[in-house]
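Come along and keep the structure open beside you.

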Amino acid sequence: MPDLLIELFSEEIPARMQARAGEDLKKRITDGLVEAGLTYAHAAALTTPRRLTLAIEGLLAESPALREERKGPKVGAPEQAIDGFLHGAGINRDQLEERETPKGAVYFATIEKPGRPAAAIVAEVLEDTIRNFPWPKSMRWGAGSLRWVRPLQSILCILTTEADTQVVPLDVDGITAGDRTTGHRFMAPARFSVTSFEDYQAKLKRAHVVLDPTERAEHIWNDAQNMAFAAGLELVEDKGLLAEVAGLVEWPVVLMGQIGAEFLDLPPEVLQTSMREHQKFFSVRNPKTGRIERFVTVANRETADNGATILAGNQKVLSARLADAKFFWDNDLRVAHTGMGAWTEALENVTFHNKLGSQGDRIRRIAALAGDLAPMVGADTGQAKQAATLAKADLSSEMVFEFPELQGLMGRYYVAASGQDAAIAAVAQDHYSPLGPSDDVPTAPLSVIVALADKLDTLTGFWAIDEKPTGSKDPFALRRAALGVIRLVLANDLRLPLDRPIDAQLLRHKYHASNGEAELRDLIEEIADHGVFGAAFETIREKLGDADALEALAGDVPDLSADLLSFIHDRLKVFLRDEGIRHDVIDACIAMEGNDDLNLLVKRARALNTVIATEDGENLVQGFKRANNILTQAEEKDGVEYSFGADIKFAEADSEKALFAALDQAEASIDAALKIEDFAAAMTAMAALRAPVDAFFEEVQINSDNQVVRRNRLNLLSHIRKVCSSVADLTRIDG
Amino acid sequence: MTHPTPITPRSFQEIILRLQTYWASKGCAILQPYDMEVGAGTFHPATTLRALGSAPWAAAYVQPSRRPTDGRYGENPNRLQHYYQYQVLIKPSPPDLQELYLGSLEAIGIDMALHDIRFVEDDWESPTLGAWGLGWEVWCDGMEVSQFTYFQQVGGHDCQPVSGELTYGLERLAMYVLGIDHVMDMPFNDPQSPIPLTYGDVFKQTEEEYARWNFDVANTEVLLRHFEEAEAECAAILAQSHDDPKTGKRIVMAHPAYDQCIKASHIFNLLDARGVISVTERQAYIGRVRALAKQCADAFVQTAAGGYATA
């Protein structure tokens, strides 16, 4: 059985695409071969910056012959139908066979598919793979139309048996497959022939190419660690960088270099970011001081001077890069030491969004909201405002302009350098969090407040200008902001009704968008500060002689506010779904008062979710629904509301009397439990009604001929509804 | 490689001259810089416009380039707001372009046996030109010395055939070859000349002057107005009929319109350096310049050089 070796040799393949490309090559080729009847024993893909290589062992020398029988049209069918069948089966008329079947005489065709040699199949499958390769990005070159990740230069494709080696005949847009390849671009550029995978791998190694990316990565990691260790230092682990660097070299040579003393005082994050992003250097740390003191770079060749020229060059490039970073750092510190006024001022001229004003406007709004929120978590209002005002100042710094990924982190350094408390400085870094579902949630009170204010300001802002997410489009990452609000509130166990801050912030946005009609400003601020909507808002509106301006400005705020809250609720459902809480359970809780207090809402939902998973809970919901249905129908029919209160003296059946007692008891327990927000106890008390409710329905007919008894029973059902509804809106539970 | 070990050049200008000689020997037309402020050699119409259409092309030239945000008052060892790029554009890209390129490094004295040359992924994209291509940044011992790009699209048009574009950052490259640590110390002409000049003698003062102007003084209101004017002029030029009423000839004014696009792009860069453009606005400005570039590309393919055949 032959072995197959394929090498697709091209100009340099991006490091990040190599591993995936190797797997795709393996999958597409082996799938194609198997589909054509060529099974194999083992396949392995290997990649370097210039080659995708696939080695397949134990391939069938030819595909097995196939014999297929097909049933055709009836004898005597129209010529067209018969011709079509012949064409489809690829046979002649005289090869047809007539057979009697229960439905009469029918033509049958026997198709013989002879086996095909592996070479022919490999050529087809490989050409198809090359032409349809799933590169994340591909290109054309020269005057041709073939696409590959970078220009494809040669194809090696051989079948090796014990007897001989055969080149698979294949030509793809002028590139003819052969048995030759080339070694390292600089160290061994001569072309050479190979006879098998073993021969290929051995010759490549002699030609300074390590074919296996894992081997390259291990070599790099071991050498780098040893060098660091020998110097009494430690290598900073970076798996992503290791994989990338292993994809940049065919012959890795590890070199360790010094970082100039003048740069050692830069924040370690700056050193690491600059070295990693720009130079693809590993950082080497002094374990005693935590400082980054050296770097490791990986060259692609050996040299007569043992890499001295290469290392000197890399060191020089790094110095220039770090000189830049130091230039930013020194300039930035100068601004920080003067209190960062120049930056906050500069942010006045930077547009955040053309309808939402400058970054300066935005920061003022966030600070105002942070001030509102501070007392709710027991933080100092002044400090919260101060922290919010400074939290984004680093956006104007030179370091963040150069390395946007350092935003926040630099802010923390700079705010601290400006003489502020560590807690205020931390806000600059923490207030962006949480960014994703697995990102850490801040817990320091000031950080929590500003993080919340930032996200609520973003949400209310884009709601105010009607730029809500639609479908998959969420350019301002509002879903992420809403999830951030949810996680901040829940993780910190905040009791924070959101309705008021949302109203207040919407008003601030609306006020900003109105270009600040001066006479309204104080009034709006007043409303924003005290969060008066509904009746109070109406009163103020009436008291204003000309209420149109206020109406135009703030009339739609309650609607927007409700819409935004419902968006946050939707995100909450997604969030809680991962926790196993049913969406209908959440709906039943959202329908209750106080649903803008997310912690209250979640506590209720968790308790309800637990209780309806029990047999009692599930049956009680059925009982409740039955009671509710009967009652609703009767109320519609009679045109009255049965909420008068049932009287036990009209109760006839034992179960009816028992239900009276059970309801009274449950009501008392539930009320007491709800007062202390013990939803589990409330739910348990409610679920305890299951037995008396079931017994009642079992024994008692509601529609008694005696109207007094009937009315009393309906009022009793109303009591069930009232008691259960004080816990959650059970009508929303499915089933 | 087969080339003899090259003698190290002695000055910045010698490196430029060697590149000129090398690419001339490989058949490129050696053009002169474009006479406008541009951010990169790519903006030269010999690249941007000539990459369009099917006519073969091979050109090389030096292009003075300006990136206001990179100004460091001449203090940074290798960052400058005004610098030189060397640009090569060959259409269709020859199959041995990488080898040709490496030959040019040898020509300027880089010994392949001692240095580490790497092709590192860099998908080039110019949002302002509506252009993109795939290729690499070429590293020499960790230093980015060139951009190597196979143009796929320019001004929204597919490039067919594909041009290969090489861009050398001349100062960095020269500093490296000459072993200079600070750009301002680099010999501009031969140090043995009667009047030896360093790069600093030529450019230190201007770097300071422009850095101050770019960052702190440039009148942003005036610049904003100039931007609008260039945009309007570009549109006005392209709105003209293809038939010139005076000469009766078909004259599509792609190049004059493209000049306005270049102008708008540079003004945008200045505004950016002044820090008055926010992240959200940025996209809008870039989109406006791109729209101009696209219209100019549309116009160029209506010209003879762009492959338009008169009936």
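**Entry 1: the two domains of chain B**

I began with a count of contacts: 21 residues of domain 1 of chain B touch 20 residues of domain 2 of chain B. I kept in mind throughout that this is a predicted model. Next I looked up where these domains run along chain B, and found domain 1 at 12-212 and domain 2 at 219-300. Their centres, taken over C-alpha atoms, are 25 Å apart.

I then checked the area that domain 1 and domain 2 of chain B bury between them, which is about 1,800 Å², with 72% of it from carbon and sulfur atoms. How many salt bridges cross the interface of domain 1 and domain 2 of chain B? The rule finds zero there. Polar contacts do turn up, with six residue pairs between the two domains of chain B (both residues at pLDDT 80 or more).

**Entry 2: where chain B meets chain A**

I moved on to the contact between the chains, which takes 52 residues from chain B and 51 residues from chain A. Chain B and chain A bury about 4,100 Å² between them, and carbon and sulfur atoms account for 52% of that. I wanted to know which residues of chain B lose the most area to chain A. They are B:L114, B:R118 and B:E121, which together make up 13% of what the chain B side buries.

For charges, I looked up the salt bridges between chain B and chain A, and the rule finds nine. A salt bridge you can find on screen joins the side chains of B:E99 and A:R185, at 3.2 Å from N to O. I also noted 23 residue pairs in polar contact between chain B and chain A (both at pLDDT 80 or more).

Which elements of chain B give two or more residues to the side that touches chain A? I listed helix 3 (97-107), strand 4 (117-121), strand 6 (131-140), strand 7 (143-154), helix 4 (170-178) and helix 8 (279-300) of chain B. By class, the residues on that side of chain B divide into 24 nonpolar, 14 polar and 14 charged.

A reminder to myself: most peptide bonds are trans, and most residues other than glycine have a negative phi. I went looking for exceptions.

- The peptide bond from B:K91 to B:P92 is cis, with omega near -5 degrees. I found B:P92 in the loop between strand 3 (82-91) and helix 3 of chain B.
- The peptide bond from B:Q160 to B:P161 is cis too, with omega near 0 degrees. The loop that holds B:P161 runs between strand 8 (157-158) and strand 9 (164-169) of chain B.
- B:D141 has a positive phi, near 50 degrees, though it is not a glycine. It sits in the loop between strand 6 and strand 7 of chain B.
- A:D466 also has a positive phi, near 60 degrees, and is not a glycine either. I located A:D466 in the loop between helix 15 (445-464) and helix 16 (478-491) of chain A.

Are these two aspartates, B:D141 and A:D466, buried or exposed? B:D141 has a relative accessible area of 0%, so it counts as buried. A:D466 has 56% relative accessibility, so it counts as exposed.

**Entry 3: chain A, domain 1 against domain 3**

Last, I turned to chain A, whose assignment gives domain 1 (3-62 + 117-206), domain 2 (66-113), domain 3 (213-336), domain 4 (342-576) and domain 5 (583-732). I picked domain 1 and domain 3 of chain A, whose centres lie 35 Å apart over C-alpha atoms. Here 14 residues of domain 1 of chain A are in contact with twelve residues of domain 3 of chain A.

The buried area between domain 1 and domain 3 of chain A is about 1,100 Å², 54% of it from carbon and sulfur atoms. On the domain 1 side, A:H184, A:M187 and A:K205 supply 43% of the buried area, more than any other three residues.

I found two salt bridges across the interface of domain 1 and domain 3 of chain A. The side chains of A:E250 and A:R51 meet in a salt bridge at 3.0 Å, N to O.

Note on methods:
Residues numbered from 1 in each chain as written. Chains lettered and ligands numbered in written order. Predicted model: local features only at pLDDT ≥ 70, side-chain atom pairs only at ≥ 80, totals over all residues. Heavy atoms only, no water. Domains from an automatic or database assignment. Contact = heavy atoms within 4.5 Å. Buried area = accessible area lost by both parts, 1.4 Å probe. Salt bridge = Lys/Arg side-chain N within 4 Å of Asp/Glu carboxyl O. Polar contact = N/O pair within 3.5 Å; in protein donor to acceptor, adjacent residues only side chain to side chain. Helix = DSSP H or I, 4+ residues; strand = E, 2+ residues; numbered from the N terminus. Nonpolar A, V, L, I, M, F, W, Y, C, P; charged D, E, K, R; others polar. Buried < 20%, exposed > 50% of the residue type's maximum accessible area, 1.4 Å probe, protein only.
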